[in-house]
Amino acid sequence: MADSDDANIATTSGREVPDGYKVRTEGKGSILQKGNDVFYNPAQVVNRDISIAVLRYFVKQRQLEAQNGTAAKAKNRVKGGVTAKPATEEDKVDGIKILEGLAASGLRSIRYALEVGGTGRVDANDLDSDAVEAMKRNILYNGPEAQQRMRPLQGDARVIMLQSPLAYDAVDLDPYGSPTQLLDSAVQAVAEGGLLLVTATDMAVLCGNNGEACWGKYGSYPLHRSYCHEMALRILLAAIEGHANRYKRHIVPMLSLSVDFYVRVFVRIYTSPAAVKDAGSKLMYVYQSQGCDSFYPQRVGRKIQKSGGLKYMPGVGPAVPQQCPETGANFLMGGPFWADPIHNMDWVHGILKSVQDNRQQYPACNKVISHLTAVSEELVDVPLYFSLHDVCKTVKCTPPKADVLRSALINAGFRVSSTHANPLGVKTDAPFSAVWDIIRCWVQDHPVKAHDAASYGPFTTLPSCVQGYVQVEERYTLIHVYICGVLNSMLYSNILCLVSSFMQ
């Protein structure tokens with residue numbers, strides 16, 4: 001099937017279409033639409049395709065865990081937390097149970113029922129009566145298979161989830177705006193080891209344009225910097241973790257995506273009072289220089305091995321001096337937000353391979369593959385990133401090619417990758433002192449027009465990142481080696497010594 005941002009529009013496929021309606025087909029699902037009677041967003045086809053790919057992989061993992069006894073062992077270890085209500089005959093289905101809390105036209109739920117193998121039942125809920133009527137009409141239009149596997153519901157999604165503790169293998173929340181009001185009930189409705197799929201579209205809030213609103217909704221203060229889209233993902237993950245912790249549960253992120261105008265996370269939820277103790281060590285603050293793009297992470301908590309056991313302690317600090325070492329500027333502090341990996345790379349590679357092997361089953365397969373490929377190349381253990389163009393804007397120079405900077409970092413012994421959240425973003429475990437030394441060397445080889453000190457910001461002197469580009473000959477030689485990518489065995493020992501010297 002050809003890649004398209006819009007759903008394919010059909011007129012009829014052997015089924016009766018009521019007068020005044022047109023048929024929109026996406027994947028195996030179709031809906032009847034009359035004007036704008038029910039909200040339908042064709043731009044979300046990528047979202048729906050990725051969700052189907054993740055659910056397909058989740059079903060396979062669920063089946064493997066059932067076969068090898070992993071799921072049973074996990075349930076036996078559960079003590080406390082959310083208590084499931086006794087199952088009724090209606091609850092006993094062959095396959096996984098999925099809840100879509102805000103289903104609107106029901107297209108997403110219909111695709112789940114028809115395209116995700118191993119699905120036992122999909123509950124499609126909406127509060128609006130007109131949406132529920134449209135949903136019923138669409139389920140009927142999609143034939144016996146959809147009718148057998150789907151159950152339309154009308155009600156408040158929060159109430160439905162609270163009345164169904166541990167009842168659903170997967171819960172999908174895709175609201176317009178913030179999902180925070182739904183999270184507390186959602187983490188209780190997901191079965192042990194189940195999957196929670198959450199979308200947030202309030203990007204102005206999450207990316208720092210309205211920091212006070214983000215604090216009120218998510219309990220985190222965002223910073224409007226180049227890494228704001230990944231920070232948005234981490235703020236959302238921290239919010240879900242916080243709600244889960246209240247019920248002795250915790251999350252394990254499988255895939256986290258920043259796409260277009262929204263962020264989307266896929267997390268598994270487990271019950272473990274012991275794992276909840278790790279919650280503080282999974283969160284971090286970030287200190288952001290107000291004069292340049294340097295930032296410094298600070299974990300909220302830490303674990304130390306003591307007397308044969310683990311002891312949980314507050315994080316140590318401060319992580320930064322009083323002023324930025326590069327510019328002398330003060331710091332902004334953002335957070336707390338999720339600090340641990342936001343992807344499970346085994347899942348990412350498995351989902352990507354599945355999509356590549358079944359391209360015809362995804363209307364937006366090209367975009368799905370591109371997003372997953374970008375994710376698969378990320379440094380999973382390095383939080384946040386910087387923009388090369390923003391860094392060079394500080395020193396008012398033309399930026400080097402990304403390959404030049406990457407070569408410099410790699411040959412210095414650091415790791416580096418791109419990020420799916422920003423095409424200009426650079427993830428690296430190199431300290432910013434090393435990054436700025438490379439930029440100084442770049443400016444040394446590519447001089448820029450002299451600027452008045454005042455043009456660099458509210459400082460009485462030029463920031464150190466543009467002063468005296470390289471004052472020590474050995475230091476310049478080292479950086480030059482980085483950029484040229486010349487690292488041979490004869491220089492290796494000398495370079496290691498120099499690396500340690502200039503990072504002190």
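Glycine 219 follows helix H9 and has a positive phi, near 70 degrees.

Helix H9 covers residues 211-218, and among its residues Gly211, Cys214 and Tyr218 are buried. Viewed down the helix axis, the buried residues of H9 lie within an arc of 55 degrees, so they line one face of the helix. Glu212 and Gly216, on the other side of H9, are exposed.

E8 is one of seven strands in an open sheet of mixed pairing, whose order is E6-E5-E4-E7-E8-E10-E9. In that order, E8 stands between E7 and E10. Which strands stand at the edges? They are E6 (150-154) and E9 (249-259); each has a single partner strand, so one side of each is left without a neighbour in the sheet. From one strand to the next, the twist averages 15 degrees.

Strand E4 comprises residues 96-100 and strand E7 residues 168-173; the two run parallel and are joined by three bridges. On this pair of strands, glutamate 100 is placed opposite aspartate 172 of E7.

The protein chain as a whole contains 18 helices and 18 strands. Of its 504 residues, 54% are buried. Among contacts with a separation of 6 or more, 69% are between residues 24 or more positions apart. The accessible surface of the chain is about 22300 Å², and carbon and sulfur atoms contribute 52% of that area.

The average pLDDT is 86, and 84% of the residues score at least 70. Residues 1-13 have a pLDDT below 50, although the model gives this stretch 34 contacts beyond near neighbours in sequence. Over residues 466-504 the pLDDT also stays under 50, and here the model has 57 contacts beyond four places in sequence. How should such stretches be read? Where pLDDT is low, the predicted coordinates should not be taken in detail.

Conventions: Residues are numbered from 1 along each chain as its sequence is written. This is a predicted model: local features need pLDDT of at least 70, side-chain atom pairs count only at pLDDT 80 or more; totals for chains, interfaces and linings use all residues. Side-chain values use heavy atoms; hydrogens and water are left out. Two strands pair if DSSP finds at least two bridges between them. Helices (H or I, at least four residues) and strands (E, at least two) are DSSP runs, numbered from the N terminus. Axes are lines fitted to C-alpha atoms, for helices over the stretch in contact, and angles run from 0 to 180 degrees between N-to-C directions. Buried means under 20% relative accessible area, exposed over 50%, partly exposed in between (1.4 Å probe, protein chains only). The arc is that of the directions from the helix axis to the C-beta atoms. pLDDT is the predictor's confidence in each residue, from 0 to 100. Contact means heavy atoms within 4.5 Å. Accessible areas come from the Shrake-Rupley method with a 1.4 Å probe; for residues, only the protein chains shown count as cover.
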